Amino acid sequence: VLDKWFALQASAQRADTLDQVLALEKHPEFTLGNPNRLRALVGTFSGNHWAFHSADGRGYRFLADMILAADRLNPQVAARMVPAFGRWKRYELKRAALMKAELERIVGTAGLSKDVFEQVSKSLA
């Protein structure tokens with residue numbers, strides 16, 4: 001039930017959706033160590049085109065931060081979150097540049113797992 005609740009909050013089409021997701025990241029029931037909880041909150045948010053692709057790029061920054069944090073605990077789950085950035089070339093120039101910058105930040109991170117490195121490299125190619 002909690003996973004569904006997290007997913008519902010992350011899929012909302014409201015002006016403060018990212019702020020709500022950021023608050024839920026600190027919720028006592030949320031943990032990066034729980035792949036289902038991570039997918040419910042972060043995975044659902046990255047599929048929320050209305051909030052994830054906000055013009056300020058905060059959604060991209062959040063996803064990149066979560067990929068990097070999850071990579072230390074569960075590289076396979078972290079790698080499965082990368083495809084949200086995969087079609088960055090299809091967006092208008094400003095959003096494409098913001099998404100590409102986050103991909104470059106991820107791939108440039110020391111100690112990155114081979115799983116995430118491979119997915120990000122494919123996205124940048």
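**View 1. Asp-3 and its salt-bridge partner Arg-37 in the predicted model.** Asp-3 counts as partly exposed, at 25% relative accessibility, whereas Arg-37 is buried, with a relative accessible area of 11%. The two residues form a salt bridge in which the closest N and O atoms are 2.5 Å apart. Because Asp-3 lies in helix 1 (residues 2-10) and Arg-37 in helix 3 (residues 35-46), the pair ties together parts that are 34 residues apart in sequence.

**View 2. The packing of helix 5 against helix 7.** Helix 5 (residues 58-73) and helix 7 (residues 93-107) pack at an angle of about 15°, and their axes are 10 Å apart. That angle makes helix 5 roughly parallel to helix 7, and the crossing of helix 5 and helix 7 is right-handed. Helix 5 contributes Tyr-60, Arg-61, Ala-64, Asp-65, Ile-67 and Leu-68 to the contact, while helix 7 contributes Arg-95, Leu-98, Met-99, Glu-102, Arg-105 and Ile-106. Of these contact residues, seven are nonpolar and five are charged, with no polar ones.

**View 3. A network of salt bridges that includes Glu-102 and Arg-105.** Salt bridges link Arg-61, Asp-65, Glu-102 and Arg-105 in a network. Within helix 7, Arg-105 and Glu-102 lie three residues apart, about one turn of the helix, and the closest N and O atoms of their salt bridge are 2.8 Å apart. Glu-102 is buried, with a relative accessible area of 7%, whereas Arg-105 is partly exposed, at 25%.

**View 4. The salt bridge between Glu-104 and Lys-100.** The closest N and O atoms of this pair are 3.9 Å apart. Glu-104 is partly exposed, with a relative accessible area of 41%, and Lys-100 also counts as partly exposed, at 32%.

Terms used: Residues numbered from 1 in each chain as written. Predicted model: local features only at pLDDT ≥ 70, side-chain atom pairs only at ≥ 80, totals over all residues. Heavy atoms only, no water. Axes fitted to C-alpha atoms, helices over the stretch in contact; angles between N-to-C directions. Helix = DSSP H or I, 4+ residues; strand = E, 2+ residues; numbered from the N terminus. Parallel < 35°, antiparallel > 145°, perpendicular 65-115°, else oblique. Left-handed = near helix turned anticlockwise from the far one by under 90°. Contact = heavy atoms within 4.5 Å. Nonpolar A, V, L, I, M, F, W, Y, C, P; charged D, E, K, R; others polar. Salt bridge = Lys/Arg side-chain N within 4 Å of Asp/Glu carboxyl O. Buried < 20%, exposed > 50% of the residue type's maximum accessible area, 1.4 Å probe, protein only.
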